[in-house]
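The following note sets out numbered points on the model shown below. Please read them alongside the coordinates.

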Amino acid sequence: MYIYNQKLIKMSEVLITAIFAACLLGGVYIYAYWATTSGSLEDENQNFIPDSWEKNFKWLFTGKTVIMLILGLIIGYLIGAST
Ligand SMILES: [Ca+2]
């Protein structure tokens, strides 16, 4: 029983982290889109990634689908497993 509870706590921690990461990334993507379309951040090549971010964080945008898919799977699995 003790081990089972420990496992549940771990899972809910992972779930909260995954939801938090998904919201944070979603916010970053929305902000990047908003900032580049409104012109607050420079985006000369018009790929909706602020040019100042592209050097270090381009992978975050090119891997967007995969990252969100994995986070979605983790969240879906953990919610499914906890009920
Ligand atoms: Ca750009």
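1. M68 is found in helix α3, residues 64-82; helices (H or I, at least four residues) and strands (E, at least two) are DSSP runs numbered from the N terminus. M68 is partly exposed, since 15 other C-beta atoms lie within 10 Å. On this scale a residue is buried with 20 or more other C-beta atoms within 10 Å of its own, exposed with 12 or fewer, and partly exposed in between, the C-beta atoms being placed from the backbone. Between the C-alpha atoms of M68 and I79, which are 11 residues apart along the chain, the separation is 16 Å.

2. On provenance, this is a predicted model, in which local features need pLDDT of at least 70 and side-chain atom pairs count only at pLDDT 80 or more, while totals for chains, interfaces and linings use all residues. Residue numbers start from 1 along each chain as its sequence is written.

3. Which residues does A22 touch, not counting residues up to four places away in sequence? They are M68, L71 and I75, a contact being a pair whose C-beta atoms, placed from the backbone, lie within 7 Å. A22 itself lies in helix α1, residues 2-38, and is partly exposed because 17 other C-beta atoms are within 10 Å. A22 and I75 are 53 residues apart in sequence, yet their C-alpha atoms are 9.3 Å apart in space.

4. The chain comprises three helices and zero strands, in the order α-α-α along the sequence. Its radius of gyration is 17 Å, well over the 12 Å that the globule rule gives for 83 residues, so the chain is more spread out than a compact globule. The radius is taken over C-alpha atoms, and the rule is 2.2 Å times the number of residues to the power 0.38. The C-alpha trace spans about 60 × 20 × 20 Å along its principal axes. Of the 83 residues, 6% count as buried.

5. The loop between α1 and α2 holds both Q46 and F48. Phi of Q46, which is not glycine, is positive and near 50 degrees; F48, also not a glycine, has a positive phi of about 65 degrees. Q46 is exposed, with 8 other C-beta atoms within 10 Å, whereas F48 is partly exposed, with 14.

Definitions and conventions: Contact = placed C-beta atoms within 7 Å.
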